[in-house]
Amino acid sequence: MLRRCAALRPALVAIPVPLILLALPQNPGTLSLISIAAVCCAALTAALASRWCSERRMREGLQHHARELAQTKRQILGLISHELRTPVTGVVGFSRTLAGRLDDLDHDTLRLFVEAIDEHSNRLSRLIDNVVVASRTPLVDDRGSCQLSRALSEAIARVGLRSHHDDRLRISLDGPLEARIDEEAAVRVLSNLLDNALKFGDPDAQIYIEGSARNGRVLLQVGNPGPAIPLGLQAVLYDPFVQGDPTDTRTADGLGLGLHVVRQLIEAYGGTIDLVDHPQLIVFQISLPEARCGGGQPPYRTIASAIRHSGNGH
């Protein structure tokens, strides 16, 4: 259609040219009203033809954009419904089993079912939280601050790890790490980073968490063994609905919103998130303004130091 429009435009512009030639007076020294009208008619026709073609291209562009938006909407809704179905099915299944066989189940089985319901509920809550945060601009309380050590404890519980003393965790924090960020926002950031490490890291591999305060900034690194992130994926890693494993056979769940939410929240509080180059691990580092500065600067701790001293315990 655009080709036809482009081909038609010279013809439309050329229509009034014979009229102009006929209307020109025999005496070049005079210019009749008919000649002026013909020239004006030619200019108006050319302008209308140009505008008609431009509007036609604009309409077709808008229609194409609308079709793309509709397709993207269907894909997003399909992805969300697929990811929500699993935890909802788990909660409903275990709940119905408890309701129907409550008197027949022993204490250990009851505990197993309750823990399963809690796990699926937490997963469902994280999915919904990420969708909500990704769909709006974060509300920032400039006066807010929290201890990242406490936020980390809550994040560990939310992703289903037992505690700071879980065998998979190697944690080294230089104090409570007071940062200028709302506590709930910090918990969401750390939950998504831990969840990302659990989903895309090697199974049963250790997760390294290092934190320190330096030069008025609080730095925290989360690292885990796993396959290197391709350069092409790194460029869009923080975009919404981007999966670490984009293949159709991926085993990790999630909407691809985790790192997008992390960057959105961190940047809202004046921080940054970076993928740190490391030969053995996938390491993400967040940096936030320190809420309370004082005393000497402790030595800067990194994931590399945690690997060297991993035999010394948590």
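L177 lies in the loop between β2 (169–173) and β3 (178–179). The legends below describe a predicted model.

**View 1. The loop that holds L177, between β2 and β3.** L177 has a positive phi of about 60 degrees, although this residue is not a glycine. Most residues other than glycine have a negative phi. Is L177 buried or exposed? L177 is buried, and its relative accessible area is 3%. The cut-off for a buried residue is a relative accessible area under 20%, so the value of 3% places L177 in the buried class.

**View 2. The loop that holds N215, between β4 and β5.** N215 is not a glycine, yet its phi is positive, at about 55 degrees. Is N215 buried or exposed? The relative accessibility of N215 is 61%, and the residue counts as exposed. The cut-off for the exposed class is over 50%, which means that N215 at 61% belongs to that class.

View 3. The protein contains nine helices and seven strands. Of its 314 residues, 34% are buried. Among the contacts in the protein with a separation of 6 or more, 73% are between residues 24 or more positions apart. The accessible surface of the protein comes to about 18,500 Å². Carbon and sulfur atoms account for 57% of this surface.

Conventions: Residues numbered from 1 in each chain as written. Predicted model: local features only at pLDDT ≥ 70, side-chain atom pairs only at ≥ 80, totals over all residues. Heavy atoms only, no water. Helix = DSSP H or I, 4+ residues; strand = E, 2+ residues; numbered from the N terminus. Buried < 20%, exposed > 50% of the residue type's maximum accessible area, 1.4 Å probe, protein only. Contact = heavy atoms within 4.5 Å. Areas by Shrake-Rupley, 256 points an atom, 1.4 Å probe, with all protein chains shown as cover.
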